[in-house]
Amino acid sequence: MRSARRIILLCLTASLVLAGTAQAAVPSSFFGVMADGPLLGPSADLDQEARMMRSAGAGTVRVAFYWRDLQPEAGQPIDWTESDRRMRAFTSAKLDVLPILVRAPAWAAGGDTREGAIPDAAAYGAFVSEFAKRYGNRLRHYQVWNEPDINRYFAADSAWPQRYVPLLRAARGAIKAADPSARVVAAGLTNKSWEDLDKLYAAGARGLFDVAAIHPFSKRVSNVVKIVRLSRNVMRRRGDARVPLTLTEVSWSSGKGESTFNYGWETTERGQATKVRDALTALARERTRLRISAVYWYTWLSPAVGDDESFSYSGLRKLRGGKPVNKPAFGAFR
């Protein structure tokens, strides 16, 4: 009888331990990847790659939709052909999609044809509204622009916060009108992202986003976590302690010895795999304390070896002989 009781107690203890472990488990929605470059071109089977993302453990995918490609002429109906293809591939693979709505057509930006052309806020809001109406039943989050603190992507120099906030306000109104439960993700901020996040608050952005976003690039994993902490401190000070923070780009390039336009954190392919493993583990460990809602690895698929740009070597997979193959980083991610 005594031994029977001991067995029951042991079983109950084991059940409680397993239950606690299950509660602490990191959901697949925490791990995401970026879809861009050759993945969206003719070199890759997008449907197959999307299924591979899901089987590797990704729960979400971040992908840019270029307004200038969808509606290059004023008054022209939006061409949804390519965006439908992307949405179909990713949602069929049971991946949550985080769309980045970016790149203004010249007609909406006063004739400016630059990559970082800044659109009229009302025109941008109208585009976001059409996008949300079309895909609202398949989306939970929308990201409003990308890296506005970099002049190449948002041609406003030091005035970028004051120029970005009207776009954020217009986009939020459009998204919430289509789906009040949808989450508005602010643009990902890079470099000294915590300082730029503070500038965004100073420009009146509080209350216009449901999720903040940063791109904490650094040579050391410990410094990536430090950047997240610094950004979270800014959010606490600005009254947004409970607002989630997402890392919409985290990456290390494996371009050591290949790329010439470098940033100082390039490594080998095996070194990249170590960074993937260490970074995702460290960020998952801090996810509750720092209210990190998701981490997106940049990127899924790199072009073939030969490019000078460091980020061209950041993929978990790469093209070789015209076909996608795994890098060591893929196994580390999985």
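**Salt bridges and sheet architecture**

A salt bridge joins E130 and K133, with 3.9 Å between the closest N and O atoms. The model is predicted. Both residues belong to helix α5, where three residues, about one turn of the helix, separate them. E130 is partly exposed, at 37% relative accessibility. K133 is exposed, at 58%.

The structure holds 19 salt bridges. Another of them pairs the side chains of E115 and R152, at 3.0 Å from N to O. E115 sits in the loop between β3 and α5 (121-135), and R152 in the loop between β4 and α6 (160-178), so this contact ties together parts 37 residues apart in sequence. R152 is exposed, with a relative accessible area of 55%.

E286 and R229 also form a salt bridge, their closest N and O atoms lying 3.3 Å apart. This pair links distant parts of the chain. E286 is in helix α9 (residues 269-286) and R229 is in helix α8, 57 residues away. E286 counts as buried because its relative accessibility is 9%, under the 20% limit. R229, at 37%, is partly exposed.

Eight strands make up an open sheet with parallel pairing. Their order is β5-β4-β3-β2-β1-β8-β7-β6. Strands β5 (183-185) and β6 (212-214) stand at the edges; each has a single partner strand, so one side of each lacks a neighbour in the sheet. On average, neighbouring strands are turned by 25 degrees against each other, direction ignored. Within this sheet, β3 (residues 96-102) and β4 (residues 141-144) run parallel and are joined by two bridges. L101 stands opposite V144 in β4.

Helix α4 (residues 81-92) lies across β1 (31-35), β2 (60-66) and β3, and runs at about 180 degrees to β2. Helix α8 (residues 221-237) touches β6, β7 (245-250) and β8 (292-297). The direction of α8 makes about 145 degrees with that of β7.

A further open sheet contains three strands in the order β9-β10-β11, with mixed pairing. Strand β10 (residues 317-320) pairs with β11 in the antiparallel sense over four bridges. R317 has N326 in β11 as its bridge partner.

Methods:
Residues numbered from 1 in each chain as written. Predicted model: local features only at pLDDT ≥ 70, side-chain atom pairs only at ≥ 80, totals over all residues. Heavy atoms only, no water. Pairing = 2+ DSSP bridges. Axes fitted to C-alpha atoms, helices over the stretch in contact; angles between N-to-C directions. Contact = heavy atoms within 4.5 Å. Salt bridge = Lys/Arg side-chain N within 4 Å of Asp/Glu carboxyl O. Buried < 20%, exposed > 50% of the residue type's maximum accessible area, 1.4 Å probe, protein only.
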